[in-house]
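Dear colleague,

Please read them with the model open beside you.

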Amino acid sequence: RDRLKQKSASVLTTPTMSAIEHRLWPEIEKITMEQLHYARLGVGAGGWQLFAEDGDMRMYRREEEADGLVVDPLKACHVVKGVTGHEVCEIFFSPEYRTGWEATLEDMIVVEKVSKDTLIFLQTHKRIWPASQRDALFWSHMRRVSDDQDPDAHDLWIVCNHSTEHPDYPPNTGKCVRVYLTVCLVCQTFIDPPKDEDEIKRENITCKITYCSVVNPGGWAPASVLRAVYKREYPKFLKRFTSFCIDQCKAKPITF
Ligand code: 6CM
């Protein structure tokens, strides 16, 4: 624990100044902290149904509809060896890696760089028959957070994605229907201490991941098709994403 604290001391602890000054900042701060709290609530209460399980991965959903559209909240947890929470969040956040793990993606642009830890993305996703193609416009914010439930832990990282608006990219003007999403990835690193004063190796680290998602499809999409797509695509995403992280990190020095 002390070694981890020392390692973490050099990394970013607070959002960068340019993010704080941005028009979206109050919303980014509020939603990110709400999502952190929500991610850390277990799945014991709240009617979560387990729908996929593979090794350490567990995926839960709740069936919900809004205005006749499926908006099922999803919560997943996973345990990944050999990577830190900082590394996993960096890969989820950074545009340079996205095509390497995001299988539903057709196109992605960064519409605005708010700061080094906050970007606004416009993504188009592959069309799923028989519905129209979807796009998503969202801010994405990454930060390290101090752990109020465990003040000695200095190793909690979050990426929060939340739909937004941009005057240059109004919704539903072309072939795409705009989806509305709130997504978070929360990661915590654990070190299994090596003997004596040996340096920490990848085999000594484990990352616990919680992923939460609520997507409103924004317009007509048949409920049964959408639920079948989610059931297939979310486990595929989390397995593909975490093995991509392991692969990206294995030959690199550890970033705590
Ligand atoms: O969280 C994930 N990816 C992030 C980076 O891309 C980000 C994006 C989420 C977009 C999720 C929208 C998917 C499009 C849904 C299509 C709905 C089509 C309706 C038609 C059905 C008949 O947060 C990973 C997302 C993994 C999704 C499986």
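A residue is called buried when its relative accessible area is under 20%, exposed when that area is over 50%, and partly exposed in between. Please keep in mind throughout that this is a predicted model.

By that scale aspartate 247, with a relative accessible area of 45%, is partly exposed, whereas lysine 250, at 56%, counts as exposed. The side chains of these two residues, lysine 250 and aspartate 247, meet in a salt bridge with an N to O distance of 2.7 Å.

In total, the structure holds 14 salt bridges. One of them pairs glutamate 112 with arginine 23, whose closest N and O atoms are 3.8 Å apart. Because glutamate 112 lies in strand β6 (residues 105-115) and arginine 23 in the loop between α2 (17-20) and α3 (25-40), this pair ties together parts that are 89 residues apart in sequence. Glutamate 112 is partly exposed, at 21% relative accessible area, while arginine 23 is exposed, at 54%. Another salt bridge links arginine 232 to glutamate 233, with 3.0 Å between the closest N and O atoms; here glutamate 233 counts as buried, since its relative accessibility is 16%.

Turning to the pockets, the largest pocket holds about 870 Å³ of space. It is lined by 39 residues, and those closest to its centre are Thr104, His125, Val215, Tyr230 and Tyr234. At least two lining residues come from each of α5 (95-101), β7 (118-125), β8 (134-145), β11 (180-191), β12 (205-216) and α6 (223-249), and α6 gives the most, with 10 residues. By residue type, the lining of this largest pocket divides into 23 nonpolar, 7 polar and 9 charged residues.

The second largest pocket contains about 220 Å³ of space. Of the 14 residues that line it, Gln188, Phe190, Lys208, Ile209 and Thr210 lie nearest its centre. The elements giving two or more residues to this lining are α3, β5 (74-81), β11 and β12, and β11 gives the most, with 4 residues. The lining of the second largest pocket is made up of 8 nonpolar, 3 polar and 3 charged residues.

With best regards

Methods:
Residues numbered from 1 in each chain as written. Predicted model: local features only at pLDDT ≥ 70, side-chain atom pairs only at ≥ 80, totals over all residues. Heavy atoms only, no water. Salt bridge = Lys/Arg side-chain N within 4 Å of Asp/Glu carboxyl O. Buried < 20%, exposed > 50% of the residue type's maximum accessible area, 1.4 Å probe, protein only. 1 Å grid on protein atoms, 1.4 Å probe; cavity = no way out; pocket = protein on both sides within 12 Å on 5 of 7 lines; lining within 4 Å. Points joined across faces, edges and corners; volume = space filled by probe spheres on them. Nonpolar A, V, L, I, M, F, W, Y, C, P; charged D, E, K, R; others polar.
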